[in-house]
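Q: I would like to learn how to read a predicted model. Can we go through it feature by feature?

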Amino acid sequence: MTTANRTAGRHTTTFTTPSDREIVATRVFDAPRRLVWDAFTKPEHVSQWMLGPEGWTMPVCEIDLRPGGKWRWVWRMTDGTEMEMTGVYREVAPPERLVNTENWGGEWPETVNTIVFTEEGGRTRTVATVVYPSKEARDAAMKTGMEDGWGQSHERLDAYLPTVA
Amino acid sequence: MASADTLTTTFAALADPTRRAILARLAEGPATVKEISEPFVISGPAVSKHLRVLEKAGLITRGREAQWRPRTLDAGPLREVAEYADGYRRFWEASHDRLDAYLEELQQKEPNDDHRE
């Protein structure tokens with residue numbers, strides 16, 4: 001499939017909205033599937049990379065990886081702001097398929113997230129499907145872009161401005 | 001929260017390269033119309049017209065009275081555009097990029113490929 005740019009870190013994430021209630025994020029990683037699975041499911045790995053924009057750390061990363069098991073991740077920003085995300089695992093089929101609920105608390109709707117891991121010649125394709133309870137909820141999440149969750153800093157605006165100039 | 005109308009106005013204001021250049025200049029700090037006009041070959045009135053569009057879009061503000069009062073960037077609408085355009089994506093892209101590097105690191109640490117299926 002992908003032929004150009006074999007250098008690590010040169011893949012990009014693509015986003016699609018195949019239905020009114022879904023967002024699908026697809027990404028290829030230059031690593032075998034078992035390792036990518038571990039990176040998505042082991043706390044010592046997740047807390048190293050699932051960090052969004054610069055400035056976030058994940059001081060709490062609890063994962064009870066079994067159907068019905070809970071997970072809880074807490075992010076902290078340099079200014080001390082914290083964000084918590086929780087959920088329950090529904091399906092755990094290593095290293096192929098992971099289904100879990102995701103909850104931001106407050107007024108954010110709970111979503112059901114499915115990640116499918118496919119090995120392609122030593123690389124791994126992950127297709128993450130997030131299903132919202134309604135189109136409105138999906139659109140709101142995309143539009144306001146986790147405004148509260150990821151926060152807005154001047155650094156971010158600084159980074160953005162050169163791209164529009 | 002950005003309404004569709006706000007976003008439309010903001011995008012329209014950002015659609016013009018001269019206006020984007022003006023915003024980039026104001027991102028460095030407030031500037032008078034004269035200072036803003038300097039890099040452009042277009043006339044002063046043309047620059048003023050662009051400034052009015054940016055003001056209407058709420059992207060810049062100016063001192064109340066005199067013409068020479070400096071314009072200041074108002075980041076609010078831009079922030080909303082940034083969120084709209086990449087709030088959701090940015091989290092995943094940034095995380096995935098970091099995972100790329102992390103996986104490479106892990107594989108260097110474990111060259112025996114014991115993760116292979």
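A: Start with a strand pair. β2(A) and β8(A) are antiparallel partners joined over eight bridges. Two strands pair if DSSP finds at least two bridges between them. Helices (H or I, at least four residues) and strands (E, at least two) are DSSP runs, numbered from the N terminus. In this pair, E22(A) has V131(A) in β8(A) as its bridge partner.

Q: What ground rules apply to the model and its numbering?
A: This is a predicted model: local features need pLDDT of at least 70, side-chain atom pairs count only at pLDDT 80 or more, and totals for chains, interfaces and linings use all residues; side-chain values use heavy atoms, with hydrogens and water left out. Residues are numbered from 1 along each chain as its sequence is written, while chains are lettered from A and ligands numbered from 1 in the order in which they are written.

Q: Which residue stands opposite V131(A) from β7(A)'s pairing with β8(A)?
A: Strands of a sheet pair through backbone hydrogen bonds, either parallel or antiparallel. Here β7(A) and β8(A) are antiparallel, over nine bridges. V112(A) stands opposite V131(A) in β8(A). The hairpin of β7(A) and β8(A) has two residues between the strands, and G121(A) takes a positive phi near 55 degrees there.

Q: In what order do the eight strands of the open sheet lie?
A: The order is β1-β2-β8-β7-β6-β5-β4-β3 in chain A, with antiparallel pairing. β1 (14-16) and β3 (56-63) of chain A are the edge strands, and each pairs on one side only. Neighbouring strands are turned by 20 degrees against each other on average, direction ignored. Axes are lines fitted to C-alpha atoms, for helices over the stretch in contact, and angles run from 0 to 180 degrees between N-to-C directions.

Q: How many bridges join β3(A) to β4(A)?
A: Six bridges join β3(A) to β4 (residues 70-77) of chain A, and the two run antiparallel. V60(A) has V74(A) in β4(A) as its bridge partner. Six residues lie between the strands of this hairpin, where G68(A) takes a positive phi near 90 degrees. Next, β5 (residues 82-93) and β6 (residues 97-102) of chain A pair antiparallel over four bridges. Y89(A) stands opposite N100(A) in β6(A).

Q: Which strands does helix α1 of chain A lie across?
A: Helix α1 (residues 33-41) of chain A lies across β2 (22-29), β3, β5, β6, β7 (111-120) and β8 (123-131) of chain A. This helix runs at about 155 degrees to β7(A).

Q: Where is S19(A) found?
A: S19(A) sits in the loop between β1 and β2 of chain A. Its relative accessible area is 29%, so S19(A) is partly exposed. Buried means under 20% relative accessible area, exposed over 50%, partly exposed in between (1.4 Å probe, protein chains only). S19(A) and V131(A) are 112 residues apart in sequence, but 9.2 Å apart in space, C-alpha to C-alpha.

Q: Which residues of α4(B) are buried?
A: The expected span of a helix is 1.5 Å times one less than its number of residues. For the 13 residues of α4 (residues 44-56) of chain B that gives 18 Å, and the end C-alpha atoms are 18 Å apart, which agrees. The buried residues are V47(B), S48(B), H50(B), L51(B) and L54(B). Seen down the axis of α4(B), they fall within an arc of 160 degrees, so they line one face of the helix. The arc is that of the directions from the helix axis to the C-beta atoms. On the other side of α4(B), P45(B), K49(B) and K56(B) are exposed. Just after α4(B), G58(B) takes a positive phi of about 75 degrees.

Q: What is the pattern of chain B along the sequence?
A: Chain B reads α-α-α-α-β-β-α. Of its 117 residues, 40% are buried.

Q: Which element of chain A has the lowest mean pLDDT?
A: pLDDT is the predictor's confidence in each residue, from 0 to 100. Where pLDDT is low, the predicted coordinates should not be read in detail. Chain A averages 79, and 78% of the residues score at least 70. Among the elements of chain A, helix α4 (residues 147-150) has the lowest mean pLDDT (34), and β6(A) the highest (97). Over residues 1-9 of chain A the pLDDT is below 50.

Conventions. Contact = heavy atoms within 4.5 Å.
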